[in-house]
Amino acid sequence: MEENPLFRPFELKSLKLKNRIVMAPMTRSFSPDGVPGTNVAEYYSKRAAAEVGLILSEGTVIDRPSSSNDPNIPHFYGQTALAGWQTVINDVHQAGGQMGPQIWHMGVMGNHQSGWLPPTPFEGPSGLLNPDTTNGRTMTESDIADSIAAYGRAAADAKRLGFDCVEIHGAHGYLIDQFFWEGTNQRTDQYGGKTVAERNRYAIEVIEEVRRQVGDDFAVILRLSQFKPQDYTAKLAKNPQEMEAWLQPLADAGVDIFHCSQRRFWEAEFDGSDLNFAGWAKKVTGKASISVGSIGLSGEFMAAFRGESSQPSSLDELLRLMDRGDFDLAAVGRPLLADPHWAEKIRENRTGELKGFSKEALSILV
Ligand SMILES: Cc1cc2nc3c(=O)[nH]c(=O)nc-3n(C[C@H](O)[C@H](O)[C@H](O)COP(=O)(O)O)c2cc1C
């Protein structure tokens with residue numbers, strides 16, 4: 001067996017990965033009018049050619065009039081955008097990689113700094129951006145049904161174009177997470193409720209529709225976070241029992257892999273155990289999981305948006321947790337954004353050549 005747990009192969013349904021390194025989904029805003037061009041295809045295929053086991057695309061939005069707050073974020077609907085994605089996946093496969101799109105509806109957003117607004121108001125469970133700010137409207141049952149159908153169409157298109165899996169974005173305070181979180185879901189119908197298990201209903205219906213569209217053998221990943229950019233201390237599940245009540249129904253609805261977003265992967269989720277979020281997700285559901293958050297870097301990603309740089313850091317703790325079997329895959333964001341050769345350098349022990357991350361990397365596609 002390969003000594004380094006990051007470089008052991010991984011198979012699950014449609015995924016046959018040469019190693020455990022996942023490129024984390026990262027919004028780049030380089031797709032004018034929602035169409036990813038050949039520069040985007042080149043960006044992803046460079047990572048595929050340089051040892052990244054699985055690439056998750058930047059968040060790419062589903063077919064709802066207000067699913068995005070930025071015209072340069074790619075669409076995952078419409079002939080022209082899907083033709084762009086066809087080139088992306090063909091090039092990634094040509095380079096020896098595997099890839100899934102991260103399908104996304106932002107929900108209620110703050111207005112983009114450019115002043116651009118979608119053609120209809122932002123929509124969410126209760127029109128709330130955070131517990132005391134409204135910046136959109138409350139979705140009706142018909143909006144909810146239409147949005148679920150749009151997630152399903154995007155997943156079906158992912159499979160039709162030849163992608164290897166699909167990831168549903170349920171993290172970071174966006175639409176699905178707005179349903180999970182009591183701070184933004186104040187509904188009194190069947191999509192609301194006092195417990196996260198009750199507020200699960202929207203996500204369950206999305207997952208069931210995605211599963212119905214892609215069939216049993218296509219890997220479905222769900223990305224989740226306890227923290228919200230609106231509130232770093234938010235916790236949907238405050239203990240292992242609540243985590244099981246939250247995640248098991250999502251697993252039953254059709255999730256194959258939980259992608260558990262933390263700002264720092266080494267932080268324990270609950271007192272009394274050093275298991276992190278991905279460790280608990282795997283333990284309570286028996287499903288595979290992905291950990292993420294400052295792997296190989298000294299500082300976390302929300303600070304990066306405020307201009308903070310990070311230096312390369314040791315992978316020893318990550319390897320210890322992976323070797324112990326806490327989680328299956330490790331997602332890496334900023335190191336791979338800044339350097340297409342990050343995974344190759346790790347494999348070849350060229351640690352002296354690692355670059356770290358500085359905010360200048362955000363403004364170019366390399
Ligand atoms: C520029 C940038 C864009 C991001 N966009 C997304 C996104 O579209 N979807 C998502 O789920 N997470 C997004 N994230 C979060 C990353 O996927 C990842 O969880 C985070 O950067 C932590 O990993 P890192 O410490 O290795 O960078 C983004 C992060 C960065 C730095």
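## Ligand shell

The ligand is surrounded by 23 residues, and the closest are Ala-24, Gly-59, Phe-301, Gly-333 and Arg-334. A residue counts as near a molecule if its C-beta atom, placed from the backbone, lies within 6 Å of it. This is a predicted model: local features need pLDDT of at least 70, side-chain atom pairs count only at pLDDT 80 or more, and totals for chains, interfaces and linings use all residues. Residues are numbered from 1 along each chain as its sequence is written.

The shell divides into 11 nonpolar, nine polar and three charged residues. Here Ala, Val, Leu, Ile, Met, Phe, Trp, Tyr, Cys and Pro are nonpolar, Asp, Glu, Lys and Arg are charged, and the others, Gly among them, are polar. Strand 4 (54-61) and helix 9 (301-305) each supply at least two shell residues. Helices (H or I, at least four residues) and strands (E, at least two) are DSSP runs, numbered from the N terminus.

## Positive phi

Most residues other than glycine have a negative phi. Asp-33 has a positive phi of about 55°. Asp-33 sits in the loop between strand 3 (21-23) and helix 1 (38-49). Asp-33 is exposed, with 11 other C-beta atoms within 10 Å.

His-172 also has a positive phi, near 60°. Its loop runs between strand 10 (165-169) and helix 4 (175-180). His-172 is partly exposed, with 19 other C-beta atoms within 10 Å. By this count, 12 or fewer is exposed, 20 or more is buried, and partly exposed lies in between, with C-beta atoms placed from the backbone.

## Annotated domain

The unreviewed UniProt entry annotates residues 6-351 as "NADH:flavin oxidoreductase/NADH oxidase N-terminal". UniProt positions follow the numbering used here, feature names are shortened, and annotations may be inferred rather than shown by experiment. Over residues 6-351 the chain is 35% helix and 17% strand. The end C-alpha atoms of this stretch are 15 Å apart.
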